[in-house]
Amino acid sequence: MKRVVKVRAPSNIALVKYMGKLDYVSNLPANSSLSMTLNSLATFTQLEFIPGGSFQLSWEGITSWGATPLRSFCLRDHERIKVEKHFKRVLEYFGESYSGVWRIQSGNSFPAGAGIASSASGFAALTLAIVTALRLKDIPCSVLSELSRQGSGSSCRSFEGPWVLWEGESARRVQSNFEPLSDLVLMIEESEKLVGSSEAHRRILSSRNWQGRVERANSRVTRLQEILLRGDWGEFSSLSWQEAMDMHELFHTSEPSFSYFKSGTREVLSWLESLKDIRSAVTLDAGPNIHLLVSQSEEAVWIERLRERFPKMNVLIDRQGEGASVLYQAEVPA
Ligand code: PMV
């Protein structure tokens, strides 16, 4: 018999960023981070598993999920190795043998290079799919998150939502009284980034701004938790801006320096800066595209405002979400 599992896992956007590692093997972060889980910007993964025999793994990109079109993506060689290692890690953790025929089919609802962490949603989906295919019951979210973190750090924040704190080895949902938010992703450029996040985590250690970075980030995490409880837009907005610029300044002052900013990034940022007093918060991932967080009740007004100012700009629209979920599981004849 063959087990078939379908899962979806959203990406997440960090307001306080994970940048710098204490341990490169298990992805232990230098500082705590806090993110908002997204909803429809997600990875969809189907996993088929025929138990027994020697371990065989195949991976294919898919272009649709039912009626939903997906962006298929290719895994580069080092990514295939990471995926295979992740299987081994998860199987070993649960004392399962490294065996069976595994077929992964996966696609994203968002373009690669969109400034949306595809490794976060991808590894969260993969971890949940493997554990579900093994028919392990009642595995706590914390275990899924810890395992997933070892595949891709930021993926540990995609299992719950809408607000998730990652400290050391574990990630957990945190309390918020903030109104429900939308994430408008302002697409400046869709191309793949030249410096990947693994390289960025290493290179920023050479920045003069690295000094004090861990303390700055950790203190922002503490403040952000308080801001979420108070629901204060002004402080939320300024913390988010300062933190995004802090991370990008690390990139700009590394040796050798690098930048994800494009001229469009600067143009849109300076327009947004002039609107700072309006209820919104700006952040960027390690990429040129801008995340604009606004109240869901003002989403339509913001989309109109953006269309008027930047008529040609593509905007991806998403909302806060609750984390990864299993959509389907069954056993069918092989
Ligand atoms: O999970 P990684 O190794 O791809 O790191 C990504 C880190 C950032 O996306 C740049 C920030 C974050 O906290 O998500």
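Helix 5 (residues 213-230) packs against helix 6 at an angle of about 160°, and their axes are 10 Å apart. Axes here are lines fitted to C-alpha atoms, for helices over the stretch in contact, and angles run from 0 to 180 degrees between N-to-C directions. Helices (H or I, at least four residues) and strands (E, at least two) are DSSP runs, numbered from the N terminus. The structure is a predicted model, in which local features need pLDDT of at least 70 and side-chain atom pairs count only at pLDDT 80 or more, while totals for chains, interfaces and linings use all residues. Residues are numbered from 1 along each chain as its sequence is written, and side-chain values use heavy atoms, with hydrogens and water left out.

Helix 5 and helix 6 are therefore roughly antiparallel to each other. Angles under 35 degrees count as roughly parallel, over 145 as roughly antiparallel, 65 to 115 as roughly perpendicular and the rest as oblique. Helix 5 passes helix 6 in a left-handed crossing; a crossing is left-handed if the near helix is turned anticlockwise from the far one by less than a right angle, and right-handed if clockwise.

Helix 1 (residues 77-93) and helix 2 (residues 118-133) have axes 11 Å apart and pack at an angle of about 40°. That makes helix 1 oblique to helix 2. Their crossing is right-handed. For helix 7 and helix 8 (residues 299-309), the axes come within 13 Å and cross at roughly 130°, so these two helices are oblique to each other. Helix 7 passes helix 8 in a right-handed crossing.

The loops hold some backbone features. Gly 161 and Pro 162 are joined by a cis peptide bond, with omega about 0°. Pro 162 is in the loop between helix 3 (141-151) and strand 9 (163-167). Another cis peptide bond, with omega about -5°, joins Glu 255 and Pro 256, and Pro 256 lies in the loop between helix 6 (233-252) and helix 7 (263-273). Arg 135 is not a glycine, yet has a positive phi of about 55°; the loop between helix 2 and helix 3 contains this residue.

The ligand is surrounded by 14 residues, the closest being Tyr 18, Ser 154, Arg 157, Ser 197 and His 201. A residue is counted if one of its heavy atoms lies within 4 Å of the molecule. By class, this shell has five nonpolar, six polar and three charged residues. Ala, Val, Leu, Ile, Met, Phe, Trp, Tyr, Cys and Pro count as nonpolar, Asp, Glu, Lys and Arg as charged, and the others, Gly among them, as polar.

A backbone N or O atom of Tyr 18 lies 2.8 Å from an oxygen atom of the ligand. For Arg 157, a polar side-chain atom lies 2.7 Å from a ligand oxygen atom. An N or O atom in the side chain of Ser 197 is also 2.7 Å from an oxygen atom of the ligand. Taken alone the ligand exposes 390 Å², of which the protein buries 95% (accessible areas come from the Shrake-Rupley method with a 1.4 Å probe).

Terms used: A polar contact is a pair of N or O atoms within 3.5 Å; within protein, one must be able to donate a hydrogen and the other to accept it, and residues adjacent in sequence count only if both atoms are side-chain atoms.
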